Amino acid sequence: MCIRRLFQSSRLQWAWRAAFLQHIQCRHQGAPRWTHSGGGTYRAVIFDMGGVLIPSPGRVAAEWEVQNQIPSGTILKALISGGEKGPWMTFMRGEITTEDFLQAFGRLCSEISETRVPVDSFFSLLTSEQVAKQFPVMTEAITQIRAKGLRTAVLSNNFYLPNGKSFLPLDRKQFDVVVESCLEGICKPDPRIYKLCLERLGLQPSESIFLDDLGPNIKAAASLGICTIKVNDPETAVRELETLLGFTLRMVIPNTRPVRKTMEIPKDSLKKYLRDLLGTQTTGPMELLQFDHGQSNPTYYIRLADRQLVLRKKPPGTLLPSAHAVEREFRIMRALANAGVPVPKVLDLCEDSRVIGTPFYLMEYCPGLVYKDPSLPGLEPSERRAIYTAMNRVLCQIHSVDLKAAGLEDYGKHGDYIPRQVQTWIKQYRASETSSIPAMERLIEWLPLHLPKQQKTTVVHGDFRLDNLLFHPEKTEVLAVLDWELSTLGDPLADVAFSCLAHYLPSSFPMLRGLSDCDLTQLGIPTAEEYFRMYCLHAGIPPVENWNFYVAFSFFRLAAILQGVYKRSLTGQASSANAEQSGKLTEFMSNLAWDFAVKEGFRIFKEMPATKPVTRSYHTWAGPQSPRSTPGTRSYVPFTESSPAHASRAALVISPEGLSPPVRELYQRLKQFMEQHVYPAEPELRSHQASAERWAPSPLVEDLKEKAKAEGLWNLFLPLETDPEKKYGAGLTNVEYAHLCELMGMSLYAPEIFNCSAPDTGNMELLVRYGTEEQKAHWLIPLLEGKARSCFAMTEPQVASSDATNIESSIREEDGFYVINGHKWWISGVLDPRCQLCVFMGKTDAHAARHRQQSVLLVPMDTPGIKVIRPLTVYGLDDAPGGHGEVLFEQVRVPKENVVLGPGRGFEIAQGRLGPGRIHHCMRLIGYSERALALMKARVQSRVAFGKPLVEQGTLRADIAQSRVEIEQARLLVLKAAHVMDVAGNKAAAFDIAMIKMVAPSVACRVIDRAIQAFGAAGLSSDYPLAQFFAWARALRFADGPDEVHRAAVAKMELKHCI
């Protein structure tokens, strides 16, 4: 398939301009002089730098402020503050050093924003190679200007860098004259600096054109008689400059390049074929270029004599079945041309592979405009709406073609288009799969279960988007619809949804600009919903309700296509040089597809009639002394036992009985193991924990671990989305594991016995998600086998570590190593003699963006320089043998290959590590609470005070009732959070995760406190687990972030939702 122009920067086609622009070359004092249609003559073009040749400081500042949570407009206000005497203008005149400027500028920004502003970080970004890159459109324009004999100059307000050099990240060879404010001591808009530039050019003001993005600078130049162009967008500015100069500043054939070496075709054979086809008049050399677009079928521009042609061919090599069907493209375009649909004129289909190696077809080259940026910069709102309306109408025209009259009745199968497409793209994806993508796995399961009913069969384009349309250069008229490789007969709504994908992508998307962060009303562009209603109106059909399904399918299909492009790029078959980037976007697209699948699922769920719930028995053990159940008849599951929803990942299973049969059987085996082995072992384990040998692992725990592993009750925690192939764990969803995790939470010792205890679970998931194969082999496998333990070092005593960006521990690069220096505490598990790995988080770049300063390293615990200062206690409990340590890292040297994912990715990793792990503690807290309530009930039924059993005391009955209600509420919230994580992903579940982390520890504290109160002094002893339950429940109000952070997050999201 040709995902046309998907991997190129936004441009318009310019070939048509050659027919409209004329230039007249004159001589004056031996230098070229160009006359435009208005009669003015120009001999030079003068460019500003920031905002014209490279991104402006204002634009860079706006993006930086968002990333660093700085009040919008702070930097811009500081830049203009003080006028000519302000720090920015003084700096640009070279009157102060960089250090003095940053100090003054930092104070000014802090005063404006009333918060600390890290201006060093902004300055580093502004001057970085990543940002200070010349716009390609300007580079090309300068080349064309100089080729015509005109002079060029750069006139820039710039400054000195700390190394003493001026900031000019440009190739000086592009310019005849360079004027820099910091060298001259004069800044724009001072007229003297313009006169200085003109003097060095040897020209009069009327002989020059000046481009700048700031109004005062433009006004000053115009007052001297210089022709000016105000630059808002480089593309539009170049178009205006072309008009003034009277010649094109682009290649005659846009979006082409020399043919890539792997895509070369035999010219002699092709030239002979063309002469035979077109006639003997086609003499002379043949020009052959390759279009940048064409990810699937390589596309070429051909000029032979006076004929301009386009050739599309199948790619070389072994191809997927039914893909790259150029024969179908030729047939559909020929048929649609006869039906009045605007398409390029096709000339011939050659199926003889001997000519150029693969079948191909020819069509006439059609000049026009291709709008690659869906926001349509440089146009008026009315023009934008007209373009989208024209796009909508031509789609309706395609869908209204009479199949019989066009001879297309056999072009595809009638009916069941979506089911066939789903299976086709599943097969295509599987054939090109290079690694497992969780969202794709979910979609492959979900899509076949939610297929819509097809109402109508029409021609469908299959890749209908704005940048697959060729527009008239002066009218909002579609001249041609391009890229028909995916066309067939099918459901027209699939085309409509696919044409709206840009509405859901961000404008910064690297390969296809989107509209999701644009103000469509202000731009005059219809929203996706308005566009869909417009289509229904033009087509005369009622709107459908399952729009989200069509969008989900469209993103799924695009993800499969991108995966195919990526797979071919690995073998050099893909026609675009940028095709390798597609591999990074497949997962992004599949996640978007899953978002819409979730929306469709919620729509269906809301429309479902209420079903009668069935009752079930829920019980907990009071402990090893009382292995009896406490029956109940509370209702949990809104399905019958035979409901297939049990196995669906989209089902919110609120009872173990609602689990799928395999998981329910696993739950029963886990429960039986707890009853037979864990609860009876608790007294001995408590005794060991209080003994002098407590810092050595308990032999009983090690024995139970081997038993659990033998029974398959091992590594249950890894979520299915992280390990879809079940390579490392049991392949449970978060909801399924929630029920098992609650059961393990009944005992303080159970999580370790089943290799499901923190911090190992989070560290293992980190390695599965982000580790290299070498890192997995070295560290993950021993952890999965239970042969090693690990710790996670982030919290620091000197700073508020609830904000991970506060950490101060340094990581610096030195001689192929990373050297660590830092002070950490509350490092759980670090004291365990089995602890072999420390996952360390520190800062590698203090000047980077706020969330790109941190990195994560894998540090062997036997590395010199690691010093455990002391064990820390929680309410006097030392939690041996793992404990919680305060640790110094002094000159700890770690090989560079031990960095996880790369420098600057630490915050991202920390967030990912706390994905499912964020709610594991909450799941266990429900287990704590259930066990505490069960112990409480057994206690009050067996004790007598003041002449009657405690169970008859009204206050205790009220406490029991209150505990039951709070446990049920918290459990449902935990399960809901797990459910949203399963169906929508961790990011979408942020609101629910924050709520349960705020609720679960507090509920557990209250429930356990009531149980302790019922026990009396015995509740404070180590004879029962209540004291430890309470200590850890209270600690968890800090461990995964303090309550205040979660409350703030919930409030922020709630207020945003309300607004």
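Two strands count as paired here if DSSP finds at least two bridges between them. With that in hand, here are some close-ups of this predicted model.

**View 1. A five-stranded parallel sheet.** This open sheet has 5 strands in the order β6-β5-β4-β7-β8, and the pairing is parallel. At the edges stand β6 (177–180) and β8 (227–230); each has a single partner strand, so one side of each is left without a neighbour in the sheet. On average, neighbouring strands are turned by 20° against each other, direction ignored.

**View 2. Zooming in on β5 and β6.** Strand β5 (residues 151–156) runs parallel to β6, and the two pair over 4 bridges. To find your way along the pair, look for Val154, which stands opposite Val178 in β6. As background, strands of a sheet pair through backbone hydrogen bonds, either parallel or antiparallel.

**View 3. Phe556 and the largest nonpolar core.** The largest nonpolar core has 208 residues, and the members that touch the most others are Phe555, Phe556, Tyr737 and Phe754. There's also a second, separate core of 55 residues, with Trp64, Phe91, Ile145 and Leu211 among its members. Back at Phe556, leaving aside residues up to four places away in sequence, the ring's residue touches Val422, Trp425, Ile426, Met440, Leu443, Ile444, Leu447 and Ala593.

**View 4. Helix α16, mostly under cover.** Of the 9 residues in α16 (residues 438–446), 8 are buried. The buried ones are Pro438, Ala439, Met440, Glu441, Arg442, Leu443, Ile444 and Trp446, so charged Glu441 and Arg442 are on that list too. Met440, Leu443 and Ile444 also turn up among the residues that Phe556 touches.

**View 5. Asn468, tucked into a loop.** Asn468 sits in the loop that joins β15 (458–460) to β16 (469–471). Its relative accessible area is 0%, so Asn468 counts as buried. A polar atom of the Asn468 side chain lies 2.6 Å from the backbone oxygen of Asp463.

**View 6. Helices α24 and α30 crossing.** The axes of α24 (residues 734–744) and α30 (residues 954–984) come within 8 Å, crossing at roughly 145°. On the α24 side, the contact is made by Asn734, Val735, Ala738, His739 and Glu742; α30 brings Arg971, Leu975, Ala978, His979, Met981 and Asp982. Sorted by type, the residues of this contact come out as 5 nonpolar, 3 polar and 3 charged.

Definitions and conventions. Residues numbered from 1 in each chain as written. Predicted model: local features only at pLDDT ≥ 70, side-chain atom pairs only at ≥ 80, totals over all residues. Heavy atoms only, no water. Buried < 20%, exposed > 50% of the residue type's maximum accessible area, 1.4 Å probe, protein only. Polar contact = N/O pair within 3.5 Å; in protein donor to acceptor, adjacent residues only side chain to side chain. Core = buried A, V, L, I, M, F, W, Y, C linked by side-chain atoms within 4.5 Å. Contact = heavy atoms within 4.5 Å. Axes fitted to C-alpha atoms, helices over the stretch in contact; angles between N-to-C directions.
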